[in-house]
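Hi,

Here is the structure I promised to pass on to you. Could you have a look at it when you find a moment? My notes follow just below.

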Amino acid sequence: MNRSAASRPRPHSRKAGGRRREEHCKTEEKADDVAPRGTCTTMCPISEVRQREAQNRLHHFEVLAGTERNRLPRADVCRAVKEYSRPAAGKDTTRASELRPPDVLLKTVCYLVDDVAACPSRQPWTEVYSFVFDRLRSVRQDMVIQRVSGPECASVLERTVRFLLYASYRLCGQPLRLYDPHINDTHLQESLSWLLECYSEGQHQHQDEFQALSLLYNLGSPRALQHALELPHKVRHSSPVQLALALNRAYMERNPVRLLRLAQRLDFLQACALHRHLLSCRRDLLLLYSHGHSSRNCRFPIQKLADILSLECSLAAQLCQTHGIHVNGDYVVFSKGSFTESPSEELQCAHMHKLVDDKQQDLSLSNIIHGIA
Amino acid sequence: GAQILLLRYTSLFSQVLEAIDTRDGVFCAELLSFKHPHVANPRLQLSSPEDKCQQVLEPPYDEMVAAHLRCTYAVANHDFVEAYKSFQAHKEENWCSHCLRGQAEQQLQKKGKGKVGDMLEKAAEQLMSCFRVCASDNRAGIDDSKKWGMLFLINQLFKIYFKINKLHLCKPLIRAIDSSNLKDDYSMAQRVTYKYYVGRKAMFDSNFKLAEEYLSFSFQHSHRSCQRNKRLILIYLLPVKMLLGHMPTTQLLKKYDLMQFTDVTKAVSEGNLLLLNEALAKHETFFIRCGIFLILEKLKIITYRNLFKKVYLLLKTHQLPLDAFLVALKMMQVEEVDIDEVQCILANLIYMGHIKGYISHQHQKLVVSKQNPFPPLSSVS
């Protein structure tokens with residue numbers, strides 16, 4: 001008569017929330033129990049430090065200076081951080097001594113940001129990213145198991161989202177084996193939707209900022225837009241959200257000129273959030289103009305085109321050429337028949353980052369991720 | 001169905017037995033549904049009816065009726081969560097979980113426990129397994145086939161998917177019906193509901209011609225007396241028709257109490273961007289709640305087209321200075337618009353086929369075709 005719902009395998013979705021449910025499934029069965037409370041006071045549980053040390057599985061960021069060349073490098077307890085581990089049958093992830101409580105989690109995140117991600121001596125940044133990405137994932141895992149929510153949860157997720165947004169811009173164009181934009185996107189979306197869920201209750205200092213970032217990162221998404229329209233009045237009418245909505249409106253109306261002009265007003269992190277859409281916005285502009293200005297006798301000045309594309313002249317000319325638009329000295333000639341969709345391999349998004357680059361100026365990465373920019 | 005006074009649960013049992021013997025599925029379903037008045041009878045509300053059921057009825061009916069009775073008890077005590085749980089244990093047979101689920105949601109929301117979305121997703125899983133049972137029923141003859149249950153279940157699933165905003169899950173269900181040979185033989189009520197949801201999905205996919213077809217069908221065939229349903233369908237049909245260039249009459253809007261659309265309609269047909277923005281702002285809450293705000297914003301493009309056509313008709317020339325359009329936009333109090341943006345808006349209209357012509361940047365002019373430069377809206381898109 002009483003068939004337990006917990007014995008049924010839970011649906012597996014790769015979309016946001018799916019991974020959280022996967023990691024949650026062990027604790028589902030104890031649904032009626034109180035959530036586990038961690039007692040580990042260090043960034044990495046001592047048992048794990050010893051284990052990884054013995055198995056030579058320390059990351060070189062975690063190794064005690066001077067022992068790197070040893071057969072078994074020693075761990076620097078102040079720099080070892082708990083790694084992400086896949087949930088598996090028989091593995092107990094709820095041992096209190098191995099779980100870090102929220103205040104330790106926040107300290108861990110701050111260490112990862114200030115002492116690893118923002119540390120200029122750590123190169124290459126792809127390696128920094130891999131390490132921080134994994135350790136942040138483990139932080140989220142601890143939060144899921146302990147069912148952390150509210151402002152403590154938001155503080156961690158906000159920094160995570162800022163980090164992943166920054167990474168999506170900084171590592172854009174890197175070879176796939178070093179950085180995978182799809183994986184970054186999955187985790188970014190997951191963290192972002194979890195964060196927005198946290199915001200649904202209570203007051204949060206940075207809510208305006210992140211609602212706007214979500215709208216920019218998810219430019220044109222009906223779901224993100226509908227969510228924004230349903231926000232409380234004060235949040236919806238805050239300037240970051242209004243700007244993000246205006247950009248979305250320009251996108252929906254198919255007015256890339258307006259979109260790119262509004263993009264000038266974004267701050268650095270907002271520009272990072274938007275940046276992956278810039279290439280297609282520019283392409284769209286060229287497509288529309290190819291049809292709208294299609295005439296053999298007409299010429300369009302490259303300088304003007306470069307201005308509205310927010311690109312340098314030479315790059316604008318290159319972009320035109322990859323789309324089959326005829327460049328003639330200082331002018332282009334648009335023709336609806338010659339526009340081609342497929343961009344050539346050479347011209348990548350990464351070459352056209354100036355719009356975003358210029359906004360960084362002398363902001364420190366640390367300040368950007370902590371939100372003190 | 002006939003009103004039956006069920007004084008004791010034994011009467012319920014004999015009624016169920018009789019229904020089973022005479023294979024009266026409809027009546028049986030009624031007896032086990034919540035729409036039947038017997039559920040209010042306190043003597044039928046038992047918290048542990050299993051033993052009694054097992055004495056009288058054979059499996060699986062004993063479990064079904066027991067679950068139903070547990071439910072009535074739980075509902076009577078306003079414990080909808082418990083009531084829903086009893087239904088969950090009998091996914092194969094229970095088709096009436098819908099209203100119960102809705103009430104369970106409400107209660108959970110009030111208690112703050114868990115999330116409505118999760119409950120709905122669970123309900124959807126239950127319904128999906130019922131659906132699969134029906135869809136794979138190749139054994140029985142057409143009259144007895146469980147396939148008749150498919151459309152009902154699909155409509156329930158659609159309702160949930162729309163609520164939790166997971167429209168992509170509708171696709172396999174639509175495919176199932178499209179490939180079914182029963183699709184035109186279901187009851188009109190079910191088909192109306194089906195087309196309503198499929199129409200809304202087409203809207204979401206920006207497939208406006210298809211959306212118009214489905215929603216029109218739904219509107220025309222929904223029962224004359226059901227004003228509420230017709231109004232609901234119209235809320236979605238109107239924006240689609242407007243995007244295709246067909247404006248509703250004030251008479252229609254009055255009849256169905258949809259005056260929120262009057263200003264929008266007027267603004268679009270006159271090319272009055274200012275009025276459009278005002279109208280959208282004024283009834284924002286209503287439009288957002290119905291989920292049509294974003295679609296209505298698409299009407300801006302049609303409005304630009306209508307406005308620019310007026311400029312063309314006024315100037316009576318085929319070589320129109322771009323400045324004229326800029327002036328028109330500024331008169332409509334469009335914020336921060338410049339000549340570059342005007343070019344972009346025009347380029348888009350040309351690309352979409354709303355204007356036949358080209359822009360000359362050097363001469364700062366829009367040169368339009370001498371023949372039919374602004375084709376009728378219904379012939380475009």
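Let me begin with a lysine in chain B. Leaving aside residues up to four places away in sequence, B:Lys195 touches B:Tyr214, B:Phe217 and B:Ser218. Please keep in mind that this is a predicted model. B:Lys195 belongs to helix α10 of chain B, which covers residues 188-204. One of the contacts of B:Lys195 is with an aromatic residue, B:Phe217, and here the lysine lies over the face of the ring, at 4.3 Å from its centre.

Over all chains, a search of the whole structure finds 23 aromatic pairs. One of them is formed by A:Tyr166 and A:Phe268, with ring centres 6.1 Å apart and planes at 55°, so this pair counts as tilted. A:Tyr166 sits in helix α5 (residues 150-170) of chain A and A:Phe268 in helix α12 (residues 268-274) of chain A, so the pair ties together parts that are 102 residues apart in sequence. Both A:Tyr166 and A:Phe268 are buried.

In chain B, the aromatic pair of B:Phe158 and B:Tyr194 is stacked, with 5.8 Å from centre to centre and 25° between the planes. B:Phe158 and B:Tyr194 are both buried.

Back in chain A, A:Tyr166 and A:Phe268 are also members of one aromatic cluster, together with A:Trp125, A:Tyr129, A:Phe133, A:Phe163, A:Tyr169 and A:Tyr179.

Finally, the sheet. Chain A has an open sheet of three strands in the order β1-β3-β2, with antiparallel pairing. β1 (300-301) and β2 (326-328) of chain A are at the edges with a single partner strand each, so one side of each has no neighbour in the sheet. β1(A) is joined by two bridges to β3 of chain A (residues 331-333), and the two run antiparallel. Within the sheet, A:Phe300 stands opposite A:Val332 in β3(A). There is a charge over a ring in chain A too: A:Arg299 lies over the face of A:Tyr331, at 4.1 Å from the ring centre.

Best wishes

Notes. Residues numbered from 1 in each chain as written. Chains lettered and ligands numbered in written order. Predicted model: local features only at pLDDT ≥ 70, side-chain atom pairs only at ≥ 80, totals over all residues. Heavy atoms only, no water. Helix = DSSP H or I, 4+ residues; strand = E, 2+ residues; numbered from the N terminus. Contact = heavy atoms within 4.5 Å. Pairing = 2+ DSSP bridges. Phe/Tyr/Trp six-rings, centres within 6.5 Å; stacked < 30°, edge-to-face > 60°. Buried < 20%, exposed > 50% of the residue type's maximum accessible area, 1.4 Å probe, protein only. Lys NZ or Arg CZ within 6 Å of the ring centre and 35° of its normal.
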